[in-house]
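Subject: Structure handover

Hello,

Here is the structure I promised to pass on. My notes follow below it.

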Amino acid sequence: MAADLDTAARPLWTSDEVLAATRGRLAGDAFTAAGVSIDSRDLAPGDLFVALAGARDGHQFVPAAVARGAAASLTVRAVDGPAVIVADTLEGLRRMGEAARSRASRARRGAITGSVGKTSVTQAVRAGLDRAGAAHGSVKSYNNHIGVPLTLARMPATTERAIFEIGMNHEGEITPLSRMVRPHAVAITNVEAVHMENFSDGEVGVARAKAEILDGLEPGGLAILNADNRWFDALKAEARRRGAKVRAFGRAKGCDAQLIRFAPAPGGASVEARIDDTQVEFPVRQSAPHWGPMSLCALLMMRALNVDLETGLAALGDFEPLPGRGAERTLTGPRGRFTLIDESYNASPVSVAAALANLGARATAGRRIAALTDMLELGPDSALRHAELVKAVEAAHVELVFCAGALMKSLYEALPVTRRGAWAPVAQDLLAALTEAIGPGDAVMIKGSRDSHAAALVAGLVALETAQGPEVQATQARGGA
C-alpha cells in the first residue's frame, strides 16, 4: 500500500535507506519506493514488497508483486527484480519501522489498546489527526507483531502526528510493540474478559497484558484510562509507578473528560460532556451507548497529540461507524425493508451485552432480532458465559434470537421458547432460517467472533437484496406481495 502522505517530492524509501535500516545487501539496481506492502494482491505500483514467512512463503508471491509494479522486494534470497536481501524479512521490517520512527523526528505518537473498542477509537483519532496536519496511522486492525512494524515502516519522514493500534492474544506481546512505537501518549479503552483461555489467572492476566503498553511510553508521557472500568485504579497505579501522567475519561466525577449525557438521535447520538473546564455537546454517528466514553477517550488522545478541541469534535461528528462495528444499512428482504446492524467483527460477553442493549434501545416499526455466533477464547467457562447472555437478551426485550455454533447453543437452550429463532452448527447454515424470519420494519443485529464467521450472515443478507433485483425491491418497498 502506498504511503498515505504525498511522496511526490520525496520517496518513502530509497534503496540506500532500506540497506542502512535492515543491514541487508542490494541485489540488482538501486530503487526508490513509494510505499511498503506485505500482500501482492493490494500492492500499489512503486511499493517495496516484503516477502514474509507464514502459512505460505512470501517469496512465492514475488513474481506477482513484480507484475503489479513493485519497485523492489525485501527477501532472504535473490529473486526477479531488485531486492534487498536480509537474514529475516520480519526482522528487516521491524528495523525499517524503527528507522522510520527515528527519522520522523517531529511526530507526536499515540498508541491505543483495550479489550473492546480500540480499532474504532484509533480510527476516530486518526480522523482528527488528518484534519490537523500531516498524519499517519494504523489501517484496518493492523495491531500485531506484523501490523505495527508495517505501519511504522509506512510512516513518512514529514509526519507530524501518528496513532497506532496495539493488540494481543497472550502476555508479553504488547511490550515489544510499544517499545517499537515509543508513544508520547497511550490509551487503554478498557479491560474485559477476552482471550481468557490464554491467561491462567483470568482478567488479572488480561489487565497485566494491557498495561504492557506503558512499557514503551516516552519519559513523562501520558496514560489515558477508563475511570468506569473496574481495573482503573490498578492501571492508574501502574502508570504512575512508571512515571506517567494520567488522564481519565468516563462518567465518574473528577474525570478529565466526563460523560454527562449520551442520547440517541437521528443518525447516531448526541453527547454532552465536560472536557477539563469546558462544557461541550456534539453529535456522533454511532448509536451504541459505549461510544459515549469511547468518544471522550478519542478526544483526550487527540488533545495529547496537539489537536485542538474544536477540530476533534468536528472529526467525531463526521466519523462513520466502521464495517462490522455498528455500521447500519437498510436492506430489502423477501418480506420487506429492514435495518441491518453489523456488529460482526468480533465479540466478547461485554460487547455482546452492550450490542443487545443498544438493539433494545432502538425505536423500530418491527421486531428486534439478534443473530449471534460463538464468542471465542473465553476459557473453560465458555458455555456458561454464552448461556448467561440470556439476561442481556431479556433486559433488552429482544424478540427473536438466532444462534450459530456449539458454544452459542448454550444460549439458545437457555432462551424462553418464545424468543428462539433457530440454531445451526455454523453461521452459514443459519442464513435461510434468519432470512425467512425477517419481516418489514425489523431491526436485525449480527454479532460474533471473527473466526465463528458472523460476517457470513451479513454478507448473505446483503447478497440477498442484490439477488432479488430492482423490480422485486420496488414492489416490496410499496408493500406489494
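Strands S19 (residues 368-373) and S20 (residues 400-404) run parallel, joined by five bridges. Thr373 has Ala404 in S20 as its bridge partner. Strands here are DSSP E runs of at least two residues, helices are H or I runs of at least four, and both are numbered from the N terminus. Two strands pair if DSSP finds at least two bridges between them.

This is a predicted model: local features need pLDDT of at least 70, side-chain atom pairs count only at pLDDT 80 or more, and totals for chains, interfaces and linings use all residues. Residues are numbered from 1 along each chain as its sequence is written, and side-chain values use heavy atoms, with hydrogens and water left out.

The sheet around S19 and S20

S19 and S20 belong to an open sheet of six strands, in the order S17-S18-S22-S19-S20-S21. Its pairing is mixed. Strands S17 (327-333) and S21 (420-424) are the edges, each pairing on one side only. Neighbouring strands are turned by 20 degrees against each other on average, direction ignored. Axes are lines fitted to C-alpha atoms, for helices over the stretch in contact, and angles run from 0 to 180 degrees between N-to-C directions.

Helix H11 (residues 349-360) packs on this sheet. H11 touches strand S18 (336-343), S19 and strand S22 (443-447). Its direction makes about 175 degrees with that of S22. Contact means heavy atoms within 4.5 Å.

The five-stranded sheet

Another open sheet has five strands, in the order S2-S7-S6-S5-S4, again with mixed pairing. Its edge strands are S2 (25-27) and S4 (35-37), and each pairs on one side only.

S4 pairs with strand S5 (residues 47-50) in the parallel sense, over three bridges. Gly35 stands opposite Asp47 in S5. Helix H3 (residues 89-103) packs on the sheet and touches S4, S5 and strand S6 (72-75). The direction of H3 makes about 115 degrees with that of S6.

Strand S15 (residues 268-275) is mostly covered, with seven of its eight residues buried. Buried means under 20% relative accessible area, exposed means over 50%, and partly exposed lies in between (1.4 Å probe, protein chains only).

S15 pairs with strand S14 (residues 257-265) in the antiparallel sense over eight bridges. Gln258 stands opposite Arg274 in S15. Two residues lie between the strands of this hairpin, and Gly267 takes a positive phi near 80 degrees.

S15 also runs antiparallel to strand S16 (residues 278-284), with seven bridges between them. Ile275 has Thr278 in S16 as its bridge partner. This hairpin has two residues between its strands too, and Asp276 takes a positive phi near 55 degrees.

Is Ser295 buried or exposed? Ser295 is buried, at a relative accessible area of 0%. Ser295 sits in helix H9 (residues 291-304). Leaving aside neighbours within four places in sequence, Ser295 is in contact with Val271, Phe282 and Leu316.

Ala456 is in helix H16 (residues 454-477). Its relative accessibility is 26%, so Ala456 counts as partly exposed. Ala456 and Gln428 are 28 residues apart along the chain, and their C-alpha atoms are separated by 6.2 Å.

The whole chain

The secondary structure comes to 16 helices and 22 strands. The radius of gyration is 24 Å, close to the 23 Å that the globule rule gives for 481 residues, so the chain is as compact as a globular protein of that length. That radius is taken over C-alpha atoms, and the rule is 2.2 Å times the number of residues to the power 0.38. The C-alpha trace spans about 70 × 55 × 45 Å along its principal axes.

Buried residues make up 57% of the 481. Among contacts between residues at least 6 apart in sequence, 64% join residues at least 24 apart. The chain exposes about 19600 Å², with 51% of it supplied by carbon and sulfur atoms. Areas come from the Shrake-Rupley method with a 1.4 Å probe; for residues, only the protein chains shown count as cover.

Where to read with care

The average pLDDT (the predictor's confidence in each residue, from 0 to 100) is 91, and 94% of the residues score at least 70. Over residues 1-8 pLDDT stays under 50, and the model has 30 contacts for them beyond four places in sequence. Over residues 469-481 pLDDT also stays under 50, with 13 such contacts.

Best wishes
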